[in-house]
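Trainee: I've got a model open and I'd like to go through it with you. Can we take it piece by piece?

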Amino acid sequence: TGACIVGRDMTVVVVEGGPKTLRRYEHLMMRRIKWHEDQDGDGDDEDDPPCKLAWTGVVTEKAFSGKFRCVEADPRRLLREKGVEHYMDVL
């Protein structure tokens, strides 16, 4: 479960699940997706990667229920509604 929150300045992806699922999702986001590839297919070697892992850990209960969804909203406001506004503090 989780959400992809598309904001005006940034996009925040929150993923909740078991250890195996999270390892696979992290591998997808950090290694498999070629974030810097341009139209010609040449890789761009930038120092600042656009995808960063901000936090990983164990929580007592899930903040998001149902399927993973993408929404356009203010990330801080949506996370505040879910009771996990502190996720934004580590970014």
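This is a predicted model: local features need pLDDT of at least 70, side-chain atom pairs count only at pLDDT 80 or more; totals for chains, interfaces and linings use all residues.

Trainee: Which pattern does the protein follow along the sequence?

Mentor: Start with the inventory: there are two helices and three strands. Reading along the sequence puts them in the order β-β-α-β-α.

Trainee: Where is Val15, and what does Val15 touch beyond residues up to four places away in sequence?

Mentor: Val15 sits in strand β2. Its C-alpha is 6.0 Å from that of Thr1, 14 residues apart along the chain. Contact means heavy atoms within 4.5 Å. Leaving out residues up to four places away in sequence, Val15 touches Thr1, Leu22, Tyr25 and Phe68.

Trainee: Is Val15 buried, partly exposed or exposed?

Mentor: The cut-offs are under 20% relative accessible area for buried, over 50% for exposed and in between for partly exposed (1.4 Å probe, protein chains only). Val15 has 27% relative accessibility, so it counts as partly exposed.

Trainee: How are the rings of Tyr25 and Phe68 arranged: stacked, edge-to-face or tilted?

Mentor: Rings of Phe, Tyr and Trp (its six-membered ring) pair if their centres lie within 6.5 Å; planes under 30 degrees apart are stacked, over 60 edge-to-face, and the rest tilted. The whole structure has two aromatic pairs. For Tyr25 and Phe68, the centres are 6.2 Å apart and the planes are at 45°, so this pair is tilted.

Trainee: How many residues apart are Tyr25 and Phe68?

Mentor: Tyr25 belongs to helix α1 (residues 19-32), and Phe68 to the loop between α1 and β3 (69-72). Tyr25 is partly exposed at 26% relative accessible area, and Phe68 is partly exposed at 35%. The pair links distant parts of the chain, 43 residues apart.

Trainee: Which residues touch the most other members of the largest nonpolar core?

Mentor: A nonpolar core is a set of buried Ala, Val, Leu, Ile, Met, Phe, Trp, Tyr and Cys residues joined through side-chain atoms within 4.5 Å. In soluble globular proteins, nonpolar side chains tend to be buried together. The largest core here has 13 residues, and those touching the most other members are Ile5, Val14, Phe64, Leu79, Val84 and Tyr87. At least two residues of this core come from each of β1, β2 and α2 (75-82).

Trainee: Which residues is Val84 in contact with, leaving aside neighbours within four places in sequence?

Mentor: Val84 is one of those core residues with the most touching members. With its neighbours within four places set aside, Val84 is in contact with Ala63 and Leu79.

Trainee: Is Lys62 buried or exposed?

Mentor: Lys62 lies in the loop between α1 and β3. It touches Thr1 and Glu16, not counting residues up to four places away in sequence. Lys62 has 52% relative accessibility, so it counts as exposed.

How values were computed
Residues are numbered from 1 along each chain as its sequence is written. Side-chain values use heavy atoms; hydrogens and water are left out.
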